[in-house]
Each structure stands twice: as structure tokens, then as C-alpha cells.
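Have a look at the model before reading on.

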Amino acid sequence: MAVENGVWTMYGMDWDDPYRIRSYRELINWINEIGFLPLFKNEIDGFSAEEHTSNRYWWTGNKEQDPWEWREIIARSGEVAYGKFFHKKAGFISKEWFPYFANYRRDGYDFDARWEDGLTNMRCKKIMDEFENQKEWMSHELKKQAGFYKGGEKNFSGIITELQMQTYLVIRDFRQKRNKKGAEYGMAVSVYMTPEELWGYDLVTSAYKETPEASMARIYRHVQEHYTDATEKQIRTLMK
């Protein structure tokens, strides 16, 4: 996805291309095969869901054909992780590869240990503390509950993105808000959950046995094996 001459342009495969991904199930299968995948086109050619789907149905609301809708279905499935994992932009990580991202991005720290060692800030802690009392939070409710409101804490969006990049949170679902009568309204908003709640602590931390540097190298090698033209700078930019 890019802005060309002031117009948003989506990249993708021809409708009749036999290699085009045609359903959310095919996309899940490919994520599991390749290990992890950004949602949108980036500096590494071909390394995105966008470039392997058609550009015909993006943002149409067609659940059968729209990859933007697929991301909601995939997040809801819990089969792979969805969130802002790639240079603060959205993408997917398989259950097999998530532990290596967690070890690398967390530098071997659970969140509580990171806080105790003074490696995170109070705004992050206020958000993460809410998941001790409730396993999932809709974004607007979490924002209010954690004290991000007028006169309170600032930059909720930035802190949430940071926590996803560090793999402490994933997007588990998308749901509409409800009014006082219980009726749904408006656009669906993100629902956040810890990956430990989604897949269990043992799986998420299973790569802690190796150094964060080893996990980082493993991830970099994996990208280079699939995308041989990718430079170290391109990979580093996407993964930081």
C-alpha cells in the first residue's frame, strides 16, 4: 500500500493468477508455512499479504474476498497472532515462530521483570496491570480504565503499539461498541489480549532458553532464506 500522486494504491496479484491467495484459510495456511508475514507491502518485495492477494476487494466489507476483513477473522481464530509487529505496522506471526519473536523483542524479560529492572515506563505498566483483572479489553475501555483520558495519561495509541512490538499484547478480535441499550454501533475496534492468555505461558516463553541474539539471528536467517534479495538493512528496519 502506497500513496502515488495523492492516491492510495494497493498492490497485489491478478485475479486469475493461480498463486493468488483466495481466502482467509489460504492466508492462515501460508502464514503457518512462511512463519510470519506483514499485512502490507514494505521494503522487501513480496513479503506481505497485500502482494499475494487481489486489490479488487480491499475495504469493501466482503468477508469472502476482502483481506481487510480476513485479518479480523484470523485474529478471532487465534490460530496465528495478529498485531503491530513489523516496524509498528500490522502483520501475523505463527504459533511456531511467536516464541522467537517474544524472546528477541522482550530481550528475555517477562513484563513484570522488565518493570522491576526499570526498563519500561509507568504508562506501559498501567495498561498491562489491567490484564491481571480481565483477560481481554476493547481498546476504548482499556484506554479509559488505564487512565488515558483528558487530563490523564497521553499517547495511548503509541504505548499500545509499543506493547505489541514487544509482544506483550496481541489483537485478539475486533468488535463494535455497544450503547446503553446494548445495541452495537460504529466501526469495530481492536480487542487486546496477552499472548500468554491466548496460547499459554509455556509456549510463549519456550524460546527463553536461547539468547535473544540467537532468536534475532534465527528470524533474520529465515527472512533471507525466503527472500534472498532482502538486505540486512531492510530486514532490520522491518523487525525493529
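How many helices and strands does the secondary structure of the protein chain come to? The count is 11 helices and 8 strands, where helices (H or I, at least four residues) and strands (E, at least two) are DSSP runs numbered from the N terminus. Keep in mind that this is a predicted model, so local features need pLDDT of at least 70 and side-chain atom pairs count only at pLDDT 80 or more, while totals for chains, interfaces and linings use all residues. Residues are numbered from 1 along each chain as its sequence is written, and side-chain values use heavy atoms, with hydrogens and water left out.

**Overall build**

- Along the principal axes, the C-alpha atoms of the protein chain fill a box of roughly 50 × 50 × 35 Å.
- Of the 240 residues, 48% count as buried (buried means under 20% relative accessible area, exposed over 50%, partly exposed in between; 1.4 Å probe, protein chains only).
- The protein chain exposes about 12,700 Å², and carbon and sulfur atoms supply 47% of that area (Shrake-Rupley method with a 1.4 Å probe; for residues, only the protein chains shown count as cover).
- Among contacts (heavy atoms within 4.5 Å) with a separation of 6 or more, residues 24 or more positions apart account for 61%.

**Salt bridges**

- A search of the whole structure finds 15 salt bridges (a side-chain nitrogen of Lys or Arg within 4 Å of a carboxyl oxygen of Asp or Glu).
- E136 and R175 pair up in one of them, at 2.8 Å from N to O. This pair links distant parts of the chain, with E136 in strand β6 (residues 136-138) and R175 in strand β7 (residues 170-178), 39 residues apart.
- R175 also bridges to D173, with the closest N and O atoms 3.0 Å apart. D173 counts as buried at 7% relative accessibility, whereas R175 is partly exposed at 31%.
- These residues belong to a network of salt bridges that links R71, E72, R76, E136, D173 and R175.
- Elsewhere, E69 forms a salt bridge with K63, the closest N and O atoms being 3.0 Å apart. E69 counts as buried at 12% relative accessibility, while K63 is partly exposed at 46%.

**Buried arginines without a salt bridge**

- Which side chain of opposite charge is nearest to R172? It's E136, 5.6 Å away, and R172 is buried yet has no salt bridge (Lys and Arg count as positive, Asp and Glu as negative; His and the chain ends are not counted).
- R172 lies in strand β7, and its side chain reaches the backbone oxygen of A75 at 3.3 Å.
- Setting aside neighbours within four places in sequence, R172 is in contact with A75, R76, S77, G78, E136, V191, M193 and L198.
- R20 is likewise buried without a salt bridge, and D16, the nearest side chain of opposite charge, is 6.5 Å away.
- R20 sits in the loop between β2 (7-9) and α1 (24-34), and its side chain reaches the backbone oxygen of W15 at 2.9 Å.
- Beyond four places in sequence, the contacts of R20 include E26, H52, T53, S54 and Q65.

- A81 has its place in strand β4 (residues 80-86), and it is buried, with a relative accessible area of 1%.
- Past its neighbours within four places in sequence, A81 is in contact with G91, F92, I93, F98, V170 and W199. The C-alpha atoms of A81 and N29, 52 residues apart along the chain, are separated by 13 Å.
- K84 is found in strand β4 too, but counts as partly exposed at 31% relative accessibility.
- Not counting residues up to four places away in sequence, K84 touches K89, A90, T161, Q164 and M165. The C-alpha atoms of K84 and L163 are separated by 9.0 Å, though the two are 79 residues apart along the chain.

Methods: Polar contact = N/O pair within 3.5 Å; in protein donor to acceptor, adjacent residues only side chain to side chain.
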